[in-house]
Amino acid sequence: PVDVHLLDGTYELFRHHFAVPSRVDADGIEIAAARGVVNTVFMMLEEGATHLAVATDHTVESFRNDLFDGYKTGDGIDPDLFGQFPIIEDALDAFGVRVLPMDEYEADDGLASGARVARSDPRVGRVFLCTPDKDLAQCVEGDRVVQLDRRRGELRDADGVREKFGVDPASIPDWLALTGDTADGFPGLPGWGAKSSAVVLTRYAHIEAIPFDPADWDITVRGAARLAATLEEQIEDAHLFRDLATLRDDAAVGTVDDWCWRGPTAGFDRWSERLGLGRLTERIATLAASRA
């Protein structure tokens with residue numbers, strides 16, 4: 001069987017930007033984070049990844065900004081970081097790695113779409129969603145589609161999702177709708193904390209199944225009357241927030257075969273020089289030769 005690795009390129013770019021020292025190319029353009037992402041991708045290939053795709057936010061804003069004014073935007077992003085978005089896409093493309101640049105959608109939707117394609121391919125053994133983003137927990141399926149936080153070395157299957165969030169993967173969008181997601185810019189419903197939301201959703205699974213009358217609840221939750229009243233009053237917001245939290249899996253991402261790494265393109269030498277990869281270029285060439 002083939003294992004598939006789907007990497008959150010936007011997360012990796014942010015992570016490296018704040019973790020590694022500044023480095024500029026010959027034109028004075030910041031490249032440290034892009035260089036770090038290329039190194040990360042090479043490490044994954046060297047560790048055995050064969051079919052790999054990297055999802056990126058080609059544009060920071062998405063269709064979700066049209067649904068909710070408070071949704072996250074590119075405001076406040078360091079220009080040195082923002083300028084590396086196109087750099088990493090072009091560098092990885094030259095590296096021979098399949099990039100999934102999202103325009104209308106977000107990188108998370110690209111990962112969800114990749115997971116859909118991979119899990120429907122009978123040749124695929126496991127799908128690794130390489131991101132710590134809690135949104136992707138909704139895509140976890142048994143122990144076949146799993147979430148991998150490479151930085152912390154944590155692997156999370158469906159049981160792991162239940163242990164961490166208290167709900168099944170399929171209820172993650174509902175849980176985020178009730179509790180809110182500050183990273184994405186929507187607040188959730190007042191009073192609905194992580195624990196109370198998990199208890200209620202463990203019983204009812206989805207927002208529309210939760211009775212408005214707390215007398216109809218067959219579970220014990222502190223402040224049930226207040227929570228039920230808030231849900232009834234703000235049910236439209238709850239549905240909107242769930243829509244924001246629900247990942248789309250219909251983006252065009254190609255096939256599993258498209259994600260097979262066969263080595264860098266002829267243009268990679270130029271990127272290697274610009275990013276100052278040095279001896280890494282030789283190691284990449286050696287790895288590519290061993291895969292031929």
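Mentor: Helix α8 passes helix α11 in a right-handed crossing. This is a predicted model, and what follows is computed from it. Helix α8 covers residues 172–179 and helix α11 covers residues 235–245; their axes come within 8 Å and cross at roughly 125°. On the α8 side the contact is made by Pro 173, Asp 174, Leu 176 and Ala 177. Helix α11 contributes Ala 238, Phe 241, Arg 242 and Ala 245. Sorted by class, this contact of α8 with α11 has six nonpolar residues, two charged ones and no polar ones.

Helix α5 (residues 85–94) packs with helix α12 (residues 268–275) at an angle of about 135°, and their axes are 8 Å apart. That angle makes α5 oblique to α12. Here the crossing is left-handed, with α5 passing α12. From α5, the residues in contact are Ile 87, Asp 90, Ala 91 and Ala 94. From α12 they are Phe 268, Trp 271, Arg 274 and Leu 275. The contact of α5 with α12 divides into six nonpolar, no polar and two charged residues.

Now the sheet. It is open and has six strands, in the order β3-β2-β1-β4-β5-β6, with mixed pairing. Strands β3 (98–102) and β6 (154–156) are at the edges, where each pairs on one side only. From one strand to the next, the twist averages 25°. Strands of a sheet pair through backbone hydrogen bonds, in either a parallel or an antiparallel sense. The pairing of β1 (residues 2–8) with β2 (residues 51–57) is parallel and runs over five bridges. Within that pairing, Val 4 has His 51 of β2 as its bridge partner.

Last come the charged pairs. Side chains of opposite charge can pair when their charged atoms come close. The structure holds 21 salt bridges. One of them joins Glu 47 to Arg 150, with the closest N and O atoms 3.7 Å apart. Glu 47 sits in the loop between α2 (32–46) and β2, and Arg 150 sits in the loop between β5 (145–149) and β6, so this pair ties together parts that are 103 residues apart in sequence.

Conventions
Residues numbered from 1 in each chain as written. Predicted model: local features only at pLDDT ≥ 70, side-chain atom pairs only at ≥ 80, totals over all residues. Heavy atoms only, no water. Pairing = 2+ DSSP bridges. Helix = DSSP H or I, 4+ residues; strand = E, 2+ residues; numbered from the N terminus. Axes fitted to C-alpha atoms, helices over the stretch in contact; angles between N-to-C directions. Left-handed = near helix turned anticlockwise from the far one by under 90°. Contact = heavy atoms within 4.5 Å. Nonpolar A, V, L, I, M, F, W, Y, C, P; charged D, E, K, R; others polar. Salt bridge = Lys/Arg side-chain N within 4 Å of Asp/Glu carboxyl O. Parallel < 35°, antiparallel > 145°, perpendicular 65-115°, else oblique.
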